[in-house]
Structures are given as C-alpha cells and as structure tokens.
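I keep this notebook to record what I looked up.

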Amino acid sequence: MELRRTLDIHEKDAMEIYVDHDRIILKKYTPNMTCQITGNTSENNMTLANGKLVLSPEGAENLVKEIKKLQQKIER
C-alpha cells in the first residue's frame with residue numbers, strides 16, 4: 001500500500017516491473033504519448049525536444065502561458 005501511495009498507483013493501474021541486475025524496478029505504466037502536463041493520451045499529442053517532451057494541445061497552451069508569465073516576471 002505504501003508503494004502505491006508513494007507512486008500514485010491505484011489498484012487497477014498498469015505497472016511496469018523489470019529486473020536491473022540485482023534490483024527489481026516497479027514503475028507506474030504511462031503510455032508513450034501521454035501529455036506530461038495534463039496526463040491525457042491522444043493521437044493529437046505532439047513530441048518536442050527530440051522526443052523528450054510529449055504535450056497535448058491543452059498542455060502546450062498551458063505551458064506557453066506559464067512561460068510567458070515567467071518572462072514577464074524576469075523582464076520587470
């Protein structure tokens with residue numbers, strides 16, 4: 001239960017379990033095209049930064065707004 005709580009894993013959530021030498025790795029499964037801002041998975045999601053960042057249109061919009069706010073603070 002403690003692991004599920006710490007990793008935000010619910011009873012029916014998919015998990016990845018794999019072995020790395022002498023360690024067992026447990027990880028909450030997230031599909032490859034899951035937006036890293038909203039958590040939504042869609043064919044409309046886009047990959048940026050050479051595949052390191054996946055964003056939905058909504059997630060991209062939220063990120064742009066947040067970046068603009070930070071730029072305004074820096075410019076003051």
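**Charges**

I counted 12 positive and 12 negative side chains in the protein, and the centres of the two sets lie 6 Å apart. Lys and Arg count as positive and Asp and Glu as negative, while His and the chain ends are not counted. The place of each charge is NZ of Lys, CZ of Arg, CG of Asp or CD of Glu.

**Ground rules**

I note that this is a predicted model, in which local features need pLDDT of at least 70 and side-chain atom pairs count only at pLDDT 80 or more, while totals for chains, interfaces and linings use all residues. Residues are numbered from 1 along each chain as its sequence is written, and side-chain values use heavy atoms, with hydrogens and water left out.

**Overall layout**

I looked up the secondary structure and found two helices and four strands. Helices (H or I, at least four residues) and strands (E, at least two) are DSSP runs, numbered from the N terminus. Along the sequence the pattern is α-β-β-β-β-α. The radius of gyration is 17 Å, well over the 11 Å that the globule rule gives for 76 residues, so the protein is more spread out than a compact globule. That radius is taken over C-alpha atoms, and the rule is 2.2 Å times the number of residues to the power 0.38. I also took the box that the C-alpha atoms fill along the principal axes, roughly 50 × 30 × 25 Å.

**Surface and contacts**

What share of the 76 residues in the protein is buried? The share is 12%, where buried means under 20% relative accessible area, exposed over 50%, and partly exposed in between (1.4 Å probe, protein chains only). The accessible surface comes to about 6800 Å², and 52% of this surface belongs to carbon and sulfur atoms. The areas come from the Shrake-Rupley method with a 1.4 Å probe, and for residues only the protein chains shown count as cover. I then turned to contacts, meaning heavy atoms within 4.5 Å. Of the contacts with a separation of 6 or more, 6% are between residues 24 or more positions apart.

**Record entries**

In UniProt I found an unreviewed entry that lists residues 2-32 as "domain: SpoVT-AbrB". This span is 19% helix and 39% strand, and its end C-alpha atoms lie 26 Å apart. The record, also unreviewed here, lists residues 34-69 as "domain: AbrB C-terminal". Over residues 34-69 I read 36% helix and 17% strand, with 25 Å between the end C-alpha atoms. The positions are in the numbering used here, the feature names are shortened, and annotations may be inferred rather than shown by experiment.

I looked at Y18, which lies in strand 1. Y18 is partly exposed, with a relative accessible area of 38%. Leaving aside neighbours within four places in sequence, Y18 is in contact with R23, I24, I25 and K27. Next I checked H21, in the loop between strand 1 (15-20) and strand 2 (23-28). H21 is not a glycine, yet its phi is positive at about 55°. Is H21 buried or exposed? H21 counts as exposed, at 76% relative accessibility.

**Between strand 2 and strand 3**

I placed M33 in the loop between strand 2 and strand 3. M33 is partly exposed, its relative accessible area being 30%. Beyond neighbours within four places in sequence, the contacts of M33 include N40, T41, N45 and V54. M33 and E43 are ten residues apart along the chain, and their C-alpha atoms are separated by 7.6 Å. Q36 lies in the loop between strand 2 and strand 3. Not counting residues up to four places away in sequence, Q36 touches K52, L53 and V54. The C-alpha atoms of Q36 and G59, 23 residues apart along the chain, are separated by 7.6 Å.

**Around strand 4**

I found A49 in the loop between strand 3 (46-48) and strand 4 (53-55). A49 has a positive phi of about 55° and is not a glycine. Its relative accessible area is 48%, so A49 is partly exposed. Last, I looked up S56, in the loop between strand 4 and helix 2 (57-75). S56 counts as buried, at 1% relative accessibility. Apart from residues up to four places away in sequence, S56 touches C35, T38, N45 and M46.
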